[in-house]
Amino acid sequence: MKIPILKIKNCLIASIQFEVDDRTVMEFQDNLLERIREDNIRGIIIDLTSVDIIDSFIAKSIADVTKMARLLGARVVVTGMKPALAITLVELGITLGDIKTALNLERGLAHLEEMIEETNE
Amino acid sequence: MGELAINNLLESDIEYILQTVIEELNIQRKKNDAFMNPAIEEQEIKQFLESLRVLLAKQSEDKINDDHLAELFMPFCQKKAAEGYYLRHLVFDTLQIKKVIWIKLKDKMDNNPLLLMDSLSVLSNVFDEIIKYMGKVFMEIRDDIIQSQKHALRELSVPVVPIFDDILILPLIGTIDTTRAKQIMENVLEAVLSYEAEFVLIDITGVPIVDTVVAHHIIKTVQAARLLGTKCILVGIRPEIANTIVELGVDLGDIKTQGNLKNGINLALSMKGLKIIKEDNPKG
C-alpha cells in the first residue's frame, strides 16, 4: 500500500492512514522528493491524524524527509498528532526537535503559508 | 446440638446476658479512656443477640455463608462505620458479648461436659465468622473511601483552564511525582486537542520543589505538547526555583519562560499578535 500524496497549488498533503512499515515509508520518502522536484513544491503537510503508533525508525524517516525537503526548497509541517502518539514519542526520546507541528490540517496549512512567505522575503 | 443449647440459653437468659454485657462493657470502658463512648448501645446489643440467634439456627441447618452474615450484620457494620467507629471498637465489644455468653454457658452446663464442649466450639465458630465478616466489611468501606478520595484528588490535581481563545492555563499546585506527572501530561494533551489551544501556560507558582525529576516531567510535557502543535510557556518560576534549576544544571532547552503568569499571558498574546489595550470610555 502506498501513502497517498495529494497536491494543492504548490503544496503537497500526505495523509498517513494506516500502520506503515519500513518499506512503505522509504517508498514514501522517494515519491515525496520526486514530487517536490517535478511540481516545484514549496510546502508539505504530513498528516498523522489517523496514526495510533509509529516506531522510532518511521519517526526518524519523517525527520529525515523534512531535512531532505528543506534542501529541495520545501518546508514541512507535521499535523494532527494524537496525545498517545506524542507521549510515546517523547518517552522514546524522539522529540522531532526542528520539525514544525500543528494541531490540525487547517492550522498546518496556515502555518505553511507563513513559512513560505518568510522564505520568500 | 450445641446450637440449640446456645439458642435456648439466649432465649431463657436474654435479660441476664443483656445486662451483664452492658455492665461488662461499662467496666471495660472505664478502664480504658480511649473509647469512652459505647460502640454498641443497649438496643443494638439486643439486635445483635437476635441476629446471633438467627445465625445459630442457620448454623444448625447448614453452614453459615457470607449471604447470611450480610443479611444480618451488613447494615449494623455500615451504621457503625458511618458513625466513625473503628473495627477494633466493634471487635472489642463483640468479644465482650462472646465472653458473657461463654461464662453463662459454662455455669449452665457444668454437669454436661460433652454438651458444653460442643456448645463452646459452636460459639467460637459463630463469633469467628462474625468477626471475620466485620473485618471484611470494614476493609471494603475503607477501600471505598480511599478510592473516592483518590479520584477526587486526581481531579483536583490537574485543572486545565481556558482563558482566551487558544490559550490554556495549567496551574500546578503541590508536589509532582511520576504518577501525577503522567496524569498532567495526558490531561494537558487532551485539553489541547479539545480546546484546539495554541498556547499552554504552565504555572508552577504552587510547586514547592522543582528538582531534576520534576523538571524532566515538565520538559517532557512541553515536548509532547509541541509534537501536537502547541507552544508551552513556563511561568511562575520563583527566585529560589530559578536558583535550584541552575544549581542542578537542569537544561530547560528552548522552553520559553516568564517570571509570572501576567507576563506569560502577555507573551502568549503578543505571539498571537494580540494586545490588551485600555478603552477610552470604559463601560461600567
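Tutor: One term before we start: a contact means heavy atoms within 4.5 Å. This is a predicted model, so keep the confidence rules in mind: local features need pLDDT of at least 70, side-chain atom pairs count only at pLDDT 80 or more, and totals for chains, interfaces and linings use all residues. Residues are numbered from 1 along each chain as its sequence is written, chains are lettered from A and ligands numbered from 1 in the order in which they are written, and side-chain values use heavy atoms, with hydrogens and water left out.

Student: Thanks! Which residues does B:Ile202 touch, leaving out those up to four places away in sequence?
Tutor: B:Ile202 touches B:Leu170, B:Leu172, B:Val222, B:Cys232, B:Ile233, B:Leu234 and B:Val235. B:Ile202 is also one of the residues that touch the most other members of the largest nonpolar core, which has 73 residues. Others in that group include A:Ile44, A:Met81 and B:Leu170. A nonpolar core here is a set of buried Ala, Val, Leu, Ile, Met, Phe, Trp, Tyr and Cys residues joined through side-chain atoms within 4.5 Å. Buried means under 20% relative accessible area, exposed means over 50%, and partly exposed is in between, with a 1.4 Å probe and protein chains only.

Student: Which helix gives the largest share of this core?
Tutor: Helix α8 of chain B, residues 212–228, with 9 residues. Helices (H or I, at least four residues) and strands (E, at least two) are DSSP runs, numbered from the N terminus. There is also a second, separate core of 40 residues, which includes B:Leu25, B:Ile40, B:Val100 and B:Leu116.

Student: How many helices and strands does chain B have?
Tutor: Chain B comes to 10 helices and 5 strands. Of its 284 residues, 43% are buried. Among contacts in chain B between residues at least 6 apart in sequence, 75% join residues at least 24 apart.

Student: Let's switch to the interface. What is the area buried between chain A and chain B?
Tutor: About 1600 Å², with carbon and sulfur atoms giving 61% of it. Buried area is the accessible area (1.4 Å probe) that two parts lose on being put together, summed over both. A:Pro83, A:Val90 and A:Leu103 supply 35% of what chain A buries against chain B, more than any other three residues. The contact takes 18 residues from each of the two chains, A and B.

Student: And how many residue pairs are in polar contact across it?
Tutor: The rule finds 10, with both residues at pLDDT 80 or more. A polar contact is a pair of N or O atoms within 3.5 Å; within protein, one must be able to donate a hydrogen and the other to accept it, and residues adjacent in sequence count only if both atoms are side-chain atoms. On the chain A side, α3 (83–91) and β5 (100–102) each supply at least two residues. The most comes from α3(A), with 6 residues.

Student: What covers the buried residues of α3(A)?
Tutor: The cover includes α2 (56–71) of chain A, together with α7 (178–195) and α8 of chain B. The buried residues themselves are A:Pro83, A:Leu85, A:Ala86, A:Ile87, A:Leu89 and A:Val90. Just after α3(A), A:Gly93 takes a positive phi of about 85°.

Student: How many salt bridges are there between chain A and chain B?
Tutor: There are 2, a salt bridge being a side-chain nitrogen of Lys or Arg within 4 Å of a carboxyl oxygen of Asp or Glu. B:Lys220 and A:Glu91 meet in a salt bridge at 3.0 Å, N to O. Over all chains, the structure holds 19.
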